[in-house]
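Morning, everyone. I have one chain to walk you through today. Please look at the screen.

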Amino acid sequence: MAQSRPAKQAQQLTPFASALGGALGACFSTAVVYPLDVAKTRIQVTSSTARGKRKDDLNMLHLLLEILKEEGINGWYRGFAATMLNTFSMQYAYFFFYSFIRSSYIKRMTLKLPPGSKPPALSTVAELSLGAAAGALSQIFTIPVSVIATRQQVGRSARESSQSSKEAEPVDESLLAVAREIVREDGITGLWLGIKPGMVLTMNPAITYGVYERLKSLLLLASSANGKLTPGMTFLLGAFSKTLATIVTYPYIMAKVRIQARSTERDALEGGGNTKPKVKHPGALSLLLKVLRKEGFLGWYQGMSAQIIKAVISQALLFVSKEQFEHWALTIMHLFAKFTVRS
């Protein structure tokens with residue numbers, strides 16, 4: 001018994017290993033559903049009142065088939081590299097900050113208890129607060145890649161849909177080319193478009209993980225499971241948690257995507273005139289008020305079904321695979337440590 005305890009502690013994940021496992025799992029789940037991500041982004045940036053748009057154009061399956069027909073299989077994977085980079089960096093930063101802040105918080109709580117006492121389960125408020133703090137820190141460092149990925153997913157043809165087909169020319173849409181275009185048009189701050197709604201959206205993963213951890217602890221207390229949920233129950237918990245978080249925060253999700261894709265300026269072009277309007281980028285609140293006036297309350301939730309389908313599948317895959325990826329991350333770090341010692 002005395003020997004098994006240290007061995008168990010040695011296997012405990014550090015914040016670095018937990019972050020690496022979470023980031024690898026997030027990349028895997030995002031890659032699996034990536035075509036859905038492209039489709040939902042295009043639905044979100046398209047105004048339901050735009051000229052020539054039918055109801056079918058805002059349907060995920062119809063849009064996926066249309067992209068395949070017009071752009072080929074490559075259209076389903078527009079911005080894939082930027083999105084993978086964004087996903088890895090965002091999730092690594094989030095899981096690192098979340099694991100570090102959470103373990104530090106629990107350690108401080110444990111110090112106040114009698115020796116040998118089990119640390120109490122964190123309250124929902126505590127889980128949400130820790131998740132929000134981790135999300136805010138990760139957003140600041142990773143949002144430039146998110147802006148580039150959004151522009152690539154939408155595609156130049158969609159961003160410049162008001163121009164005549166005669167003016168369309170093959171252009172470089174690589175990560176660096178899009179970054180240069182953003183800086184040229186909006187300055188260096190253009191890479192941080194959507195940072196304000198992004199900060200509000202730190203509540204999304206906070207709600208997801210807060211609800212998930214809370215329900216998980218309640219289920220484990222109510223059942224005789226040995227500290228582990230079945231894969232099926234983990235999937236359902238992940239799906240429910242992400243759906244709830246998406247419904248609560250969706251208007252800001254849609255606003256952030258439209259700000260980053262500059263779809264409000266494209267709408268202005270479609271309203272008349274061929275020159276790019278020299279306007280200040282709208283904030284999330286002014287954009288939501290504009291959508292409310294033009295498209296009604298349902299406009300705030302345009303593309304939500306696509307967002308939920310993509311997010312739920314991705315999040316559930318992440319929850320199911322996270323432990324396996326954490327195990328691999330631990331193995332990678334052990335090998336790296338051995339390699340470092342030898343060299």
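This is a predicted model: local features need pLDDT of at least 70, side-chain atom pairs count only at pLDDT 80 or more; totals for chains, interfaces and linings use all residues.

Residues are numbered from 1 along each chain as its sequence is written, and side-chain values use heavy atoms, with hydrogens and water left out.

Start with Gly-25. Is Gly-25 buried or exposed? Gly-25 counts as buried because its relative accessibility is 0%. Gly-25 sits in helix H2, residues 15–32. Helices here are DSSP runs of H or I, at least four residues; strands are runs of E, at least two; numbering goes from the N terminus.

What does Gly-25 touch? Contact means heavy atoms within 4.5 Å. Setting aside residues up to four places away in sequence, Gly-25 touches Leu-318, Ser-321 and Phe-325. Ser-321 is 296 residues away along the chain, yet the two C-alpha atoms are separated by 6.2 Å.

Now the whole chain. We have 15 helices and 0 strands. Of the 343 residues, 44% are buried. Take contacts with a separation of 6 or more: 82% of them join residues 24 or more positions apart.

Next, helix H12, residues 231–261. H12 has 31 residues, but its end C-alpha atoms are only 37 Å apart. A straight helix would reach 45 Å; that expected span is 1.5 Å times one less than the number of residues. Where does H12 bend? At Thr-249, by about 70°, and Pro-251 follows within four residues. The bend is the angle between axes fitted to the seven residues ending there and the seven starting there. Just after H12, Arg-262 takes a positive phi of about 60°.

Last, the packing. A nonpolar core is a set of buried Ala, Val, Leu, Ile, Met, Phe, Trp, Tyr and Cys residues joined through side-chain atoms within 4.5 Å. The largest has 24 residues, and Ile-148, Ile-182, Met-254 and Leu-287 have the most contacts inside it. H12 gives the most to this core, 6 residues. Beyond its neighbours within four places in sequence, Met-254 contacts residues including Gln-44, Leu-287, Val-291 and Trp-300. A second, separate core has 17 residues, among them Tyr-94, Ala-126, Leu-229 and Leu-318. Leu-318 is also one of the residues that Gly-25 touches.

Technical notes. Buried means under 20% relative accessible area, exposed over 50%, partly exposed in between (1.4 Å probe, protein chains only).
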